[in-house]
Amino acid sequence: MFKFLAVLKTFLVSAVVATTLQAQAQTPAQAPIKVVYHLSDGTAQATRAIQNIRNHLAADPSAKIVVVTHGAGIDFLLDGATNAQQQSFAGSIGDLSAKGVGFFVCNNTLVSRNIDPSKVAMEAKIVPSGVAEVARLQAREAYVYLRP
């Protein structure tokens, strides 16, 4: 009887350990962190965001980062946009895009400001609504919200 109980105990402990290891292997903590940077305040905010994103990727290269813009936040993604030091944003946008960062521009803003979509940086994708895109990413795709 004692041998049977000892075997049963060993079996149960093995089953618990196996289940725990399997659960740990499937935890979301192993998945890359998804982050949406929300920009609506113009080129000064974009300058801060670009540096934040560079720092973010240096600390966590596996992070999945998207930048969603609307209002004045789209300005850095327009042809010829420069920062306060008159440096073009194009190089930074291209570099971050090459590292997997996605850029999204609000079509509502383009329409309300009468901006031709061809003026938007080629790395950026136009979405119907910037705020709706931020909400969708947070609610349906579990993105963490950051506003630099």
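How many salt bridges does a search of the whole structure find? I will come back to that after a short tour of the fold.

A word on the basis of what I say: this is a predicted model, in which local features need pLDDT of at least 70 and side-chain atom pairs count only at pLDDT 80 or more, while totals for chains, interfaces and linings use all residues. Residues are numbered from 1 along each chain as its sequence is written, and side-chain values use heavy atoms, with hydrogens and water left out.

Let me begin with the overall layout. The protein has five helices and five strands, where helices (H or I, at least four residues) and strands (E, at least two) are DSSP runs numbered from the N terminus. Along the sequence they follow the pattern α-β-α-β-α-β-α-β-α-β. Of the 148 residues, 35% count as buried, and by buried I mean under 20% relative accessible area, with exposed being over 50% and partly exposed in between, using a 1.4 Å probe and protein chains only.

Now please look at strand E2, residues 64–69, where five of the six residues are buried, so this strand is largely enclosed by the rest of the structure. Strand E1, residues 34–39, pairs with E2 in the parallel sense over six bridges, and pairing here requires that DSSP finds at least two bridges between the strands. One of these bridges joins Val-35 to its partner Ile-65 in E2. On the other pairing, E2 and strand E3, residues 102–106, are also parallel, with four bridges between them, and Val-67 has Phe-103 in E3 as its bridge partner. From E2 the chain crosses through helix H3, residues 90–98, to E3, and this β-α-β crossover is right-handed, a term that applies if, with the strands pointing away from the viewer, the path from the first strand over the helix to the second runs clockwise. E1, helix H2 (residues 43–59) and E2 likewise make a right-handed β-α-β unit.

Within E1 sits His-38, which counts as buried because its relative accessibility is 10%. Its side chain makes a polar contact with the side chain of Arg-147 at 3.3 Å; a polar contact is a pair of N or O atoms within 3.5 Å, where within protein one must be able to donate a hydrogen and the other to accept it, and residues adjacent in sequence count only if both atoms are side-chain atoms. Leaving aside residues up to four places away in sequence, His-38 touches several others, including Gln-45, Val-68 and Tyr-145, with contact meaning heavy atoms within 4.5 Å.

That brings me back to the opening question: the search finds five salt bridges, each being a side-chain nitrogen of Lys or Arg within 4 Å of a carboxyl oxygen of Asp or Glu. Glu-133, Arg-136 and Glu-141 are linked in a network of them. Between Glu-133 and Arg-136 the closest N and O atoms are 2.8 Å apart, and between Arg-136 and Glu-141 they are 2.3 Å apart. Glu-133 and Arg-136 are three residues apart in helix H5 (residues 130–141), so about one helical turn separates them. Glu-133 is buried, at 11% relative accessible area, whereas Arg-136 is partly exposed at 31%.

Elsewhere, Asp-95 forms a salt bridge with Lys-99, at 3.5 Å between the closest N and O atoms. Here Asp-95 is partly exposed at 32%, and Lys-99 is exposed at 52%.
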